[in-house]
Amino acid sequence: MEIKEDQRAGIRIVALSGRVSGTDVSRLTEQLETLKNLARPGSPERVVLDVTALDNLPSAVVGALLEAIRALEGAGGRLVLAAPNAAIMVVLQRLGVNQLVASFKSLDEAVKALAAADGAPGQ
Amino acid sequence: MAFFDKLKERRIREQEKRTRERVCQELAKNLAWNQYLLGRSWLCPYCGKVAVEDGKGKSELPDLAIAHLKTCPEWKEFNGITRRPAELAESIKKAEITHYMKTNPLWRVRDSAGQWHCPYCARPGEVVFATNKVTREIVEAIYGHLQRCYAYEGGKGAAQTVQYLLTVIEKAERQKRLVPRIEQLMSSDPLWRFKDEKSRWACPYCRHIANDVDLSSELLVRSVAPRQVAKHLVESCPDFKEDTPPGATLEDLRALTAGERKQAGIVTVAAPQENGTFHAIRAELDQMRTLLSESKQTDERQKELLRSLEDAGKQQREMLPDLPNIPGFEFEVLFRPMATVSGDFYDFFKVGEQEIGIVLGDVSGHGVEAGIVMSMVKKCLKIHSKGQNSAAENLRVTNADIFEELAQSTFASVSYGILNAPARTLRFARAGHTPLFLFNPARAPQFAALEPKGIVLGVDKGPVFNRTLEEIEIKLVSGDMLMQVTDGVLEATNAKKEEFGIERLAGTIQKYGNHEAKYLLHMIDLTLGEFRGKSPAEDDVTMLCIRVL
């Protein structure tokens, strides 16, 4: 699994690609904890987790994902998923948390939605 | 003539060369060709018999194998059908069991009732035999036990000694003898049913407060507690003597401090109070988190935590619930924890006169915190199950109880069913757990993944959880096979990083679903192991199967 970070229109984009194996779980959990720690009152952080090229999402990391979403939303920010594939959606739906994790069909849509929500210029 | 003889000879040599090359290739890469009895003797992949004694690692193995193949009726010049590696592995295990039963006294230890005790976990297996004759039935039963044995670990576990097994048996028989006397004492003598403010039993001999003996209800006092008390007296009480009365009085026990705390790090969760507050559990959880954080600082603390984890894991395995014995139904469970303390759990408890609750769950993560959350969820479900005939409602109340108590990244997926055996119905709800699989060749469709909506426990305080949760009722018929698994099964991966997934599980259930529950679980386990290959298990595996007879 690879993790890359980028910025677009003031939005942090964390792109995950490849397959999350057992050894990657702790690395991904740490990454999500880093995102959670971005939550600070008065500085709403907007994050897109771009999973376009991610093959799978083990249920073991979903707890950390939800924690990051809650923390960022609690500080007025947001964390959304971009382009989850069918396998990832199956895991989110099985756990029932698809209702708690906002997702968009593409990275562009996700960035546009976050930018519009903030009133910041789009792409 | 000489020319034709030479030609024939040449053809034979070429044929033999090709055979040898093929045998070398198969030995190098084919799992079915690499099965060894007792790690030494090579098994023919065609006939499944020992073909080369002490063949492993020998450079002569290809030639010795060819010598056997030429006599093997099932080889057919490589056109025969090789046995499945799992099938060969099963034959090997059974042959090994027979060998050990004949040669190693450790494998023949029995209690006074003739019940065999496992050389690994020391627990009694479902095998009773009077003589030393090793029959096929005995081997099958021992094989079945080893498949489920947590200590055997597929042959990698450490075996005990004969002396250890005899000590375990002696203690178990002593406990068994004590239980009726303790039942009588607990029903008549207040000293024997004294409990602290958290409903924990206090020993009138050593005055120790037993965290695991829960006297919070009359049912527990009458059913579970006497066995636990006997266990404490025989195994851990320093002051107990069978013919001597206890040294403590009721006043002594009352004087024990209410706030007495157990050794840090040992996972035994105090029983939650019936009013639904969980201060005791919360304190346990906070204490454990502190310990976990401190453990990163010093070697001594790490050692302490490790010891505690081992204790907790042992306790968790010892506390695995018994399978229900309900006429017309067959229950079976396969539980294979990966970490010392597993996040997977299952339980069965009485809900009403005719109904039992069946729970299978999985707490995210492993280790101490997962173990505590697991205990908390189990206890909540059990407490709220009394008279509650809606599976979904029980999950709703449980979620409301535990939501505040869980760390933000921790959640529990739970499936909960209420089985009414006489009415042959199952009311089922699912809090983010894997689907309930139903297989019956007489139904159309034969296989169904039942997935009523539901969110995992602990991620939403109520509104979304309550709105989402659905309950279904299944009318059960003879031949139904209900299967519930944890995500360690579906998310198991092989070397190609593929997941086992629902389709492979469904295929295995459809293939073996007509057999008895134990066999089905065994075959799923084998299939899963074959699929995983050399990839290590990354999660706990639990499978619960109910067969309607």
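## Chain B: loops, a helix and a sheet

Leu38(B) is partly exposed, because 13 other C-beta atoms lie within 10 Å. This residue sits in the loop between strand E1 (36–37) and E2 of chain B. The model is predicted.

Arg207(B) also has a positive phi, about 65 degrees, although it is not a glycine. Its loop runs between strand E6 (200–202) and strand E7 (209–214) of chain B. Arg207(B) counts as partly exposed, with 17 C-beta neighbours inside 10 Å. The table sets out the two residues.

| Residue | Phi | C-beta atoms within 10 Å |
|---|---|---|
| Arg207(B) | about 65 degrees | 17 C-beta neighbours |

**The chain as a whole**

Chain B has 16 helices and 17 strands. Of its 549 residues, 37% count as buried. Now take the contacts in chain B with a separation of 6 or more: residues 24 or more positions apart account for 66% of them.

Look at Leu69(B), which lies in helix H2 of chain B. Why does Leu69(B) count as buried? The cut-off is 20 or more other C-beta atoms within 10 Å. Leu69(B) has 21 C-beta neighbours inside 10 Å, so it counts as buried. Leu69(B) and Val23(B) are 46 residues apart in sequence. In space, their C-alpha atoms are 9.9 Å apart.

**A five-stranded sheet**

Five strands of chain B form an open sheet with antiparallel pairing. Their order is E8-E17-E16-E13-E14. Strand E8 (329–336) and strand E14 (447–450) of chain B stand at the edges. Each has a single partner strand, so one side of each is left without a neighbour in the sheet. From one strand to the next, the twist averages 15 degrees.

Within the sheet, strand E13 (residues 436–439) and strand E16 (residues 481–485) of chain B run antiparallel and are joined by three bridges. Phe437(B) stands opposite Met483(B) in E16(B). Helix H16 (residues 517–532) of chain B packs on the sheet, where it touches E8, E16 and strand E17 (541–548) of chain B. The direction of H16 makes about 30 degrees with that of E8(B). Helix H15 (residues 501–512) of chain B lies across E13, E14 and E16 of chain B. H15 runs at about 135 degrees to E14(B).

The loop between E13 and E14 of chain B holds Pro445(B). The peptide bond from Ala444(B) to Pro445(B) is cis, with omega near 0 degrees.

**A hairpin**

Strand E9 (residues 344–350) and strand E10 (residues 355–363) of chain B pair in the antiparallel sense over seven bridges. How many residues make up the hairpin that joins E9(B) to E10(B)? Four residues do. Phe348(B) has Ile358(B) in E10(B) as its bridge partner.

**Where chain B touches chain A**

The contact takes 22 residues from chain B and 18 residues from chain A. On the side of chain B that touches chain A, five residues are nonpolar, 10 are polar and seven are charged.

Key:
Residues numbered from 1 in each chain as written. Chains lettered and ligands numbered in written order. Predicted model: local features only at pLDDT ≥ 70, side-chain atom pairs only at ≥ 80, totals over all residues. Pairing = 2+ DSSP bridges. Helix = DSSP H or I, 4+ residues; strand = E, 2+ residues; numbered from the N terminus. Contact = placed C-beta atoms within 7 Å. Nonpolar A, V, L, I, M, F, W, Y, C, P; charged D, E, K, R; others polar. Buried ≥ 20, exposed ≤ 12 C-beta atoms within 10 Å, placed from the backbone. Axes fitted to C-alpha atoms, helices over the stretch in contact; angles between N-to-C directions.
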